[in-house]
Amino acid sequence: YNQSEVIDLYRLKAKNDFVFQRIFGRQENKEILISFLNAVLMLEDENKLNDIDVIGNTKLEKDRPEDKLGILDIKARTISGIQINIEIQIVNQYNMDKRTLFYWSKLYTEQLSEGQTFNELKKTITINILDFEYIKVENYHSVFHLWEDNRKDYKLTDVLEIRFIELPKFRRIQPDFSKPLDRWLLFLEDSPKEVLDLAIKAEPAIEKAQKVLEYLGTNEEIRRYYELREKAIHDEVTRLTGAKEEGIQQGIQQGIQQGIQQGIQQGEDNKRFEIAKRMIQDGIEDNIIEKYTGISKDDIERIKNDL
């Protein structure tokens with residue numbers, strides 16, 4: 001094989017969290033991360049990020065990535081001190097809202113050292129890239145802040161910002177090449193070369209990210225970690241699917257049992273009402289009917305009216 005054929009043979013998915021971290025979570029690739037963050041945060045002109053300190057998580061390389069589906073995220077800090085956390089999540093564990101708030105709060109509170117005041121806490125942004133649908137809105141990019149319930153235009157504070165990017169929703173729309181975020185998501189979605197070329201033409205940093213991705217595919221150790229992460233993701237999906245199917249089967253069995261019990265109870269009720277009806281027809285007093293059938297006096301009166 002020539003070099004290009006080797007690269008194609010070991011083409012990695014940019015959505016794999018290990019690969020994503022290697023592309024965006026390294027100080028030497030901070031130009032790529034800056035471009036991506038400017039796209040996600042929709043920063044333009046003088047508001048654009050020009051520099052950033054990448055404090056990414058490289059813990060996985062010291063551990064066994066096949067042991068469990070751990071969390072691989074990217075942490076960064078802007079020159080002004082804004083904290084940013086990025087996580088790409090392939091498997092829906094049905095807890096992203098609570099999990100996001102937990103990790104946001106951890107990152108937010110870790111800023112303070114002993115003796116520092118609350119005024120020194122900086123804005124903290126969490127960005128979640130999901131390969132499943134989670135937020136009950138149509139748009140693929142959702143942004144959350146602390147707004148007052150009755151005054152939706154009043155924000156309590158700007159220190160909290162949580163963003164969700166849902167890739168399945170993005171896949172359903174026609175990409176807009178004039179939007180930086182759409183261009184970057186085309187890269188993450190492993191788009192055809194002719195589509196990616198259009199995105200690269202508008203955003204040179206995507207070409208650098210593509211070159212990093214291709215290089216990673218030629219590294220045997222990287223491929224090994226990549227395959228282990230893919231296996232971990234596959235195993236987690238299988239586990240969750242199995243648990244869901246088991247829960248459905250248990251629900252069906254419980255429904256059947258409840259139906260049987262209800263049927264038995266209904267049959268017993270019908271039988272008691274039939275006995276009460278005959279006792280009424282035989283002229284037996286109400287208190288005796290109530291005693292031996294367990295039917296209330298009101299029900300006895302209703303039976304009499306029906307007769």
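A: Helices (H or I, at least four residues) and strands (E, at least two) are DSSP runs, numbered from the N terminus. The model is predicted, so that local features need pLDDT of at least 70 and side-chain atom pairs count only at pLDDT 80 or more, whereas totals for chains, interfaces and linings use all residues. Residues are numbered from 1 along each chain as its sequence is written, and side-chain values use heavy atoms, with hydrogens and water left out.

The protein chain has 11 helices and 6 strands. Of its 307 residues, 40% count as buried; buried means under 20% relative accessible area, exposed over 50%, and partly exposed in between (1.4 Å probe, protein chains only). Contact here means heavy atoms within 4.5 Å. Among the contacts in the protein chain with a separation of 6 or more, 62% join residues 24 or more positions apart.

Helix 3 (residues 30–40) and helix 6 (residues 180–188) meet at an angle of about 125°, and their axes are 7 Å apart. Axes are lines fitted to C-alpha atoms, for helices over the stretch in contact, and angles run from 0 to 180 degrees between N-to-C directions. Helix 3 and helix 6 are therefore oblique to each other; angles under 35 degrees count as roughly parallel, over 145 as roughly antiparallel, 65 to 115 as roughly perpendicular, and the rest as oblique. Helix 3 supplies Ile32, Ser35, Phe36, Ala39 and Val40 to this contact, and helix 6 supplies Pro180, Leu181, Trp184 and Leu188. The crossing of helix 3 past helix 6 is left-handed. A crossing is left-handed if the near helix is turned anticlockwise from the far one by less than a right angle, and right-handed if clockwise.

Helix 2 (residues 17–24) also packs on helix 6: their axes come within 13 Å and cross at roughly 130°. Helix 2 is thus oblique to helix 6. Phe20, Ile23 and Phe24 of helix 2 meet Trp184, Phe187 and Leu188 of helix 6.

Helix 7 (residues 193–202) packs with helix 6 at an angle of about 140°, with the axes 9 Å apart. That angle makes helix 6 oblique to helix 7, and their crossing is left-handed.

Leu196, Ala199 and Ile200 of helix 7 are buried. These residues cover an arc of only 100° around the axis, which puts them on the same side of helix 7; the arc is that of the directions from the helix axis to the C-beta atoms. Helix 6 and helix 8 are included in what covers them. The face of helix 7 turned away from this buried side carries the exposed residues Glu194 and Lys201.

Helix 8 (residues 204–216) has 13 residues and reaches 19 Å from its first C-alpha to its last, close to the 18 Å expected at 1.5 Å a residue. The expected span of a helix is 1.5 Å times one less than its number of residues. Its buried residues are Ala205, Ile206, Ala209, Gln210, Val212, Leu213 and Leu216. Seen down the axis of helix 8, they fall within an arc of 160°, so they line one face of the helix. Lys211 and Tyr215, on the other side of helix 8, are exposed.

Returning to helix 3, the loop between helix 3 and strand 1 (52–54) holds Met42, and Asp45 lies in that loop as well. Most residues other than glycine have a negative phi. Met42, however, has a phi near 55°, and the phi of Asp45 is positive too, at about 50°. Met42 counts as exposed at 54% relative accessibility, and Asp45 is exposed with a relative accessible area of 63%.
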